[in-house]
Amino acid sequence: MLSAVQKYPAKQWTALISCIAQGGADAIVALREASEFLNSGVKPDGFDLVHLVRVSTDMGYASYCQQLHGYVLKSGFVSNTFVSNALMRFYYKRMDSLSDAHKAFVEILQPSVVSWNSLISGYVKCGEFRRALGLFLELERSGICGDAYSFTAVLVASGQVNLLQLGKSMHSKIVKYGLECGSVVANCLIDMYGKCGSVEDATRVFDGMIDKDIVSWNSVIAACARNGELQQALSFWNQAPERDTITYNELISGIAQFGNIEDAIGVLSNMPNPNSSSWTSIVTGYVNRNRAREALEFFSKMHSNDIEMDEFTFSIILSGVAGLAALTWGMLIHCCTVKHGLDTSVVVGSALIDMYSKCGQINNAESMFWSLPKRNLITWNAMVSGYAHSGDLMKVIEYFEQLKMVKDLKPDSITFLNVLAACSHNEIPLQKAIQYLESMIKGYGIEPTIEHCCSMIRLMGQRGEVSRAEKMISELGFGSFGVVWKALLGACGACKDTMVAKIAAAKVIELGGADDYVYVMMSNIFAYHGKWKEMSLLRKFMRDKGVRKETGCSWIEVENAMSNTSI
């Protein structure tokens with residue numbers, strides 16, 4: 001120990017830590033020398049450990065950070081809030097170690113507001129918005145007062161999950177604590193209200209701001225544009241003292257989604273420095289408005305003009321290709337992703353899995369799945385969905401069970417929807433499907449949606465259990481939604497149950513959702529049971545009202561060209 005101290009005097013150690021704290025290229029060399037100090041027996045203090053962990057995190061030295069965590073546990077520095085906060089930052093920055101970050105948080109004897117903020121923001125950055133909101137509620141119960149950073153994180157989470165009332169509650173507390181004057185908090189309020197669809201509240205916050213920066217202007221333009229208030233968005237856009245790429249992109253995106261796409265292209269053409277997102281907004285507009293072929297034309301234009309493409313460009317165009325089931329286009333775009341080095345991106349990889357599945361190439365989808373270095377919940381859901389739509393229940397259950405074992409991931413409402421869809425394609429006992437639904441509600445705390453209800457109705461209809469389906473609609477609280485009664489009517493059409501069909505049809509008409517489908521379905525059920533009088537009366541009513549079954553339309557891809565066929 002004496003020789004180590006002689007070789008590395010205290011001044012040299014202090015200089016190394018100072019160099020590490022400043023960051024930059026010299027910090028890497030300093031960090032290596034500091035490691036030699038530690039190996040020689042030098043004992044760092046809490047200040048030293050904070051900087052060692054921080055720089056190791058920024059440099060991506062995961063293994064070294066874990067070694068430092070071990071040292072922290074053995075040396076008793078776990079009670080040092082600053083050291084533990086630095087360790088939490090390391091774990092949540094890795095994205096796949098949220099549970100470890102949470103463990104580091106639990107180890108802190110008296111977590112500070114910074115500790116809480118680190119964990120809450122970590123969950124927000126990783127997309128675990130509801131978990132972040134739950135932690136914020138725990139923070140409030142702990143007696144520690146949240147700060148501006150706490151509220152900005154919870155506002156982001158509220159906006160992402162569309163919890164307007166919670167967002168308003170947070171707004172009230174922000175006013176109570178006197179934090180509403182800060183531009184960062186105000187900008188987050190505008191963003192939250194915009195994402196929750198409350199344009200009026202967003203503009204009210206904006207109008208009440210004293211110091212507006214470019215983020216404020218971009219936020220209010222986005223709030224208006226994303227909710228289809230294009231005239232209001234244009235008004236703010238014209239008033240903005242300065243515009244950057246985001247200002248233009250928000251307007252382009254809003255017009256492409258709700259207005260005339262040609263107008264959006266016009267804004268793009270006059271934009272000073274369009275980026276990949278600017279062009280991708282146009283592609284997104286085409287795809288979201290079921291104009292995938294025009295999206296492909298625009299994508300081809302991007303390619304021929306050497307426009308930079310990012311993972312989101314490829315993700316959205318692959319979504320359009322999947323909707324068309326245009327395999328040739330999908331394979332060509334797959335080649336483009338390889339050329340750009342994006343084929344192993346989790347965003348692009350998930351889109352490729354979805355595309356191959358919907359093009360009937362489930363084996364290619366599975367190969368793509370296992371080739372990805374990282375998989376998120378969207379990736380898993382894409383694979384489960386692929387096998388669900390191909391009717392392979394065994395594979396769906398296999399991937400579902402594997403997903404349940406993945407660290408920091410758990411099935412969501414989409415996962416269970418795909419499992420239920422797979423059950424409807426197979427002769428699985430009805431009770432097994434009901435168990436999956438109950439597991440979703442009770443085991444994972446996931447509220448059923450209309451889609452889950454309709455999926456169960458179809459499944460019950462296939463097994464002639466439409467009376468049970470009618471009861472389930474009330475139990476799940478969807479009795480006021482016409483779409484579920486329409487699904488029940490369809491289920492009655494499959495099992496030819498006249499009594500429940502009449503109830504379902506009456507409900508659809510009562511809720512204002514009556515259309516051709518209701519009358520055609522009831523006419524077919526009457527005909528099946530030989531109730532010619534009822535059928536004749538109904539068909540006369542249909543003729544008088546001008547009701548007729550619409551012509552169906554399908555298409556196929558023949559040598560890279562789309563061919564429509566009327567049915």
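Here are some friendly notes on helix packing, cysteines and one histidine in this predicted model.

1. Let me start with helix α29, residues 466-475, and helix α30, residues 482-495. Their axes come within 10 Å and cross at roughly 175 degrees. An angle over 145 degrees counts as roughly antiparallel, and α29 and α30 are therefore roughly antiparallel to each other.

2. From α29, the contact takes in Val466, Ala469, Glu470 and Ile473. On the α30 side, the partners are Val484, Trp485, Leu488, Ala491, Cys492 and Cys495. Sorted by class, the contact of α29 with α30 has nine nonpolar residues, no polar ones and one charged residue.

3. Next, please look at α30 together with helix α32, which spans residues 516-528. Here the axes are 10 Å apart and the packing angle is about 25 degrees. Angles under 35 degrees count as roughly parallel, and α30 and α32 are therefore roughly parallel to each other. The crossing of α30 past α32 is left-handed.

4. In this second pairing, α30 contributes Lys486, Leu489, Gly490, Cys492 and Gly493. These meet Tyr517, Val518, Met521, Met522 and Ile525 of α32. By class, the contact of α30 with α32 has seven nonpolar, two polar and one charged residues.

5. How many disulfides does the structure hold? The count is zero. Take Cys336 as an example: the closest cysteine sulfur, in Cys335, lies 7.1 Å from the sulfur of Cys336, too far for a bond. The cut-off for a disulfide is sulfur atoms within 2.5 Å.

6. Are Cys196 and Cys336 buried or exposed? Cys196 has 12% relative accessibility and so counts as buried. Cys336, at 14% relative accessibility, counts as buried too. The cut-off for buried is under 20%.

7. Finally, a word on His334, which sits in helix α21, residues 327-339. With a relative accessible area of 17%, His334 is buried. Leaving aside residues up to four places away in sequence, His334 touches Asp343, Leu352, Tyr356 and Met368.

Key:
Residues numbered from 1 in each chain as written. Predicted model: local features only at pLDDT ≥ 70, side-chain atom pairs only at ≥ 80, totals over all residues. Heavy atoms only, no water. Axes fitted to C-alpha atoms, helices over the stretch in contact; angles between N-to-C directions. Helix = DSSP H or I, 4+ residues; strand = E, 2+ residues; numbered from the N terminus. Parallel < 35°, antiparallel > 145°, perpendicular 65-115°, else oblique. Contact = heavy atoms within 4.5 Å. Nonpolar A, V, L, I, M, F, W, Y, C, P; charged D, E, K, R; others polar. Left-handed = near helix turned anticlockwise from the far one by under 90°. Buried < 20%, exposed > 50% of the residue type's maximum accessible area, 1.4 Å probe, protein only.
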